[in-house]
Amino acid sequence: MSKAIFWLMCIAVSAFAFNFNYPTASGSGLADYGDQRGTPNPDPRNITGGTGAQTIKVRPRDDAQDCWNLQWAFDNVAAGGTVALEAGVFFIGDEKVAPRRTIYMRRGLRVVGKKQGGAWLTVIRGGGEALTPGVGGEIESGPLRIVIENDTHPAVIEDLWFRDWACEVAYIVSCPGFEFRGCRISNPANTALEGRVRFVHAIWSSGVAARGDFTVENCLVELGGYQGAPADDEQLLGVFYSNHDTVRVINNRISGIDEAIEILGNRYGNTGKGDPAAATGPAKIIVSGNRIDVTGAPGQRWPSSYAILICGNLGADEVLIENNEITKRGKGWGLGISGENFKITGNRFRFEMHNGEYPPGAVTIGGFGQLAGRDMGAALNNSVFANNTFEGKVSKSGIVFPGERVANASRGNRFDLGDSLAKLGAETTLTLSKDSHGNIFKGNLGKVVDNAPKGANDYEVFSKP
């Protein structure tokens, strides 16, 4: 679980300044991070299209000039227009040949690469310069930082392969919508300074200015593979106290050493449900059709790990977690949830040994308390858990409703567990908190520890071990 995101949250809405080490059109030596609209084309041989064009085409050079070329194209294409990247490698710095850099997207646009069948032909290599936010010391920024304001067009990224990047592929500070489709993400670079936290959040959205629909679909994500120390906290995406409408994470293949999908506190606003900063209108979370295979083997600073963690989304009208294939190896859990109106159906959970350890448990429900001063959700209410299957082995717990940190008063839930949960071989198949009530459990439950008062919860079928 991403328990040390505090520093990231602190910088999510900060303003950053940075410099390119390439000559400007005026020959002044350094170009600042300001908007480059209207400046001369820095590389006419490799950039086609002028200021305000609906489409600007960029040919890769695989050298440090690529960063300058991409920034110019992003700033000069028409709002809602397309930056079309040709086949080849765009180099954004690797701290060896050239410093790592970050490209800002300040207006909504579509960035699209070239694919041929299942092969990605356009590569964004490197990126993630060190920024100093003033809180928590240096932290990296990935190849793309999205800061779209006063524009109704979403950020759309399609058919690109990001590799050798630091910290985030895309960091969303503000936007009217975000779409990330058909991309490949691989080979994250461990650039942490000695003694500092190593965050790898490939797609990160945080803050009340991150709005509109959020979509990540049909992507291949291959995390892990670090040279040296592993990441302390790793996942494909984090929606961390953002302000999105429908959050869709669909049909992705995700592997790594820690977590895969984390959606925390969407529509939370600044203080909680009903806060005027939070967006209004329908809100939904859909996590469907993903194939996840992750180990619980991050660095030792934050070793807790969930394949999927969806908590504290107070403004969600519905949360669907359906038809995912989830393999969790070694330390960590398959699923952690809190909130209301969940429908968790048709998922296959498999638990396997890694480094001599089986996962300690399958599912954690509620009991999370606070993270960085914000509510992660104490309970699960009015939800359905049905037609899911469990395979493999866990060492201690099947499904747990923790109640030690906060009062876990989960209520109104129906769990149809079948008989596969009991076959995981856990010491306890189902553990209920003392404040849980009005829940119905059906299936072969194995060993149950019910800490609630007698009769507070119902069992339609209860088979003792």
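The following exercises, each with a worked solution, concern a predicted model of a protein.

**Exercise 1. Describe the overall make-up of the protein: how many helices and strands does it have, and what share of its residues is buried?**

Step 1. The secondary structure comprises 2 helices and 47 strands.

Step 2. Of the 465 residues in the protein, 57% are buried.

Step 3. Contacts between residues at least 6 apart in sequence are considered next; 74% of these join residues at least 24 apart.

Step 4. The accessible surface amounts to about 17,300 Å², and carbon and sulfur atoms account for 48% of that surface.

**Exercise 2. Characterise the surroundings of His 244: is this residue buried or exposed, and which backbone oxygen does its side chain reach?**

Step 1. His 244 belongs to strand β24, which spans residues 243–250.

Step 2. Its relative accessibility is 0%; because buried means under 20%, His 244 counts as buried.

Step 3. The side chain of His 244 reaches the backbone oxygen of Arg 211 at 3.1 Å.

Step 4. With residues up to four places away in sequence left out, the residues that His 244 touches include Cys 175, Ser 205, Asp 213, Phe 214 and Asn 266. Arg 211 is also among them.

**Exercise 3. Follow the strand pairing from β24 through β27 to β30: in which sense, parallel or antiparallel, do these strands run?**

Step 1. Strands β24 and β27 pair in the parallel sense over 5 bridges. In this pairing, Val 249 stands opposite Val 287 of β27.

Step 2. Strand β27 is joined by 5 bridges to strand β30 (residues 318–322), and these two also run parallel. Here Ile 286 stands opposite Leu 320 of β30.

Step 3. Strand β27 covers residues 284–288 and is mostly covered, with 4 of its 5 residues buried.

**Exercise 4. Classify two aromatic pairs: what is the geometry of Trp 204 with Phe 240, and of Tyr 306 with Phe 368?**

Step 1. A pair of aromatic rings is described by the distance of the centres and the angle of the planes. The protein has 14 aromatic pairs.

Step 2. The rings of Trp 204 and Phe 240 lie 5.5 Å centre to centre with 25° between the planes, and this pair is stacked. Trp 204 is in strand β20 (residues 199–206) and Phe 240 in strand β23 (residues 233–240), so the pair links distant parts of the chain, 36 residues apart. Both Trp 204 and Phe 240 are buried.

Step 3. For Tyr 306 and Phe 368, the ring centres are 6.3 Å apart and the planes stand at 65°; the pair is therefore edge-to-face. Tyr 306 lies in strand β29 (residues 306–311), whereas Phe 368 lies in the loop between β36 (361–365) and β37 (370–371), so the pair ties together parts 62 residues apart in sequence. Tyr 306 and Phe 368 are both buried.

Note on methods:
Residues are numbered from 1 along each chain as its sequence is written. This is a predicted model: local features need pLDDT of at least 70, side-chain atom pairs count only at pLDDT 80 or more; totals for chains, interfaces and linings use all residues. Side-chain values use heavy atoms; hydrogens and water are left out. Buried means under 20% relative accessible area, exposed over 50%, partly exposed in between (1.4 Å probe, protein chains only). A polar contact is a pair of N or O atoms within 3.5 Å; within protein, one must be able to donate a hydrogen and the other to accept it, and residues adjacent in sequence count only if both atoms are side-chain atoms. Contact means heavy atoms within 4.5 Å. Rings of Phe, Tyr and Trp (its six-membered ring) pair if their centres lie within 6.5 Å; planes under 30 degrees apart count as stacked, over 60 as edge-to-face and the rest as tilted. Two strands pair if DSSP finds at least two bridges between them. Accessible areas come from the Shrake-Rupley method with a 1.4 Å probe; for residues, only the protein chains shown count as cover.
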